[in-house]
Amino acid sequence: MPNVSTQKPSAGRFIIVAELHTKPSGPLENAMTGFGESFRLGDRIWLLRAESTTIGTLHNELIQHLGPRDSLFIAEMGSSRAIALNWGPGIEARIRAWRA
């Protein structure tokens, strides 16, 4: 995966998928709202329009609201950037291959 810390902030549209097993979704949703307009699309899926942020900054903030068994996937719409956390090596490898 690219080094997300070197990306320049810009307006972005993100798809966020979170499997929450150990923590409630409220704090995660509140953190998303801090970045911009969010819309809950389903039980585990949100759309987020964020101003002046990178996928790495968004990831770093949202993981603070996850427990050890919770999973997070963030994709920036309109780009090839994606971050996966705690989905297991098989799924994370498939995501990296899909992006290539």
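This is a predicted model: local features need pLDDT of at least 70, side-chain atom pairs count only at pLDDT 80 or more; totals for chains, interfaces and linings use all residues.
Which residue forms a salt bridge with E37? The partner is R49, and the closest N and O atoms of the two lie 3.8 Å apart. E37 sits in strand β2 and R49 in strand β3, so this pair links parts of the chain that are 12 residues apart.

You can find 3 helices and 5 strands in it, and if you follow the chain along its sequence they come in the pattern β-α-β-β-α-β-β-α. The protein has 100 residues, 36% of which count as buried. Its accessible surface is about 5900 Å², with 54% belonging to carbon and sulfur atoms. Take the contacts between residues at least 6 apart in sequence: 60% of them join residues at least 24 apart.

Now back to the charged pairs. The structure holds 3 salt bridges, and another of them joins R44 and E19, with 2.8 Å between the closest N and O atoms. Because R44 lies in the loop between β2 (36-40) and β3 (45-53) and E19 in strand β1 (residues 10-19), this pair ties together parts 25 residues apart in sequence. R44 is partly exposed, its relative accessible area being 44%.

E29 and R40 also meet through their side chains in a salt bridge, at 3.1 Å from N to O.

Note on methods:
Residues are numbered from 1 along each chain as its sequence is written. Side-chain values use heavy atoms; hydrogens and water are left out. Helices (H or I, at least four residues) and strands (E, at least two) are DSSP runs, numbered from the N terminus. Buried means under 20% relative accessible area, exposed over 50%, partly exposed in between (1.4 Å probe, protein chains only). Contact means heavy atoms within 4.5 Å. Accessible areas come from the Shrake-Rupley method with a 1.4 Å probe; for residues, only the protein chains shown count as cover. A salt bridge is a side-chain nitrogen of Lys or Arg within 4 Å of a carboxyl oxygen of Asp or Glu.
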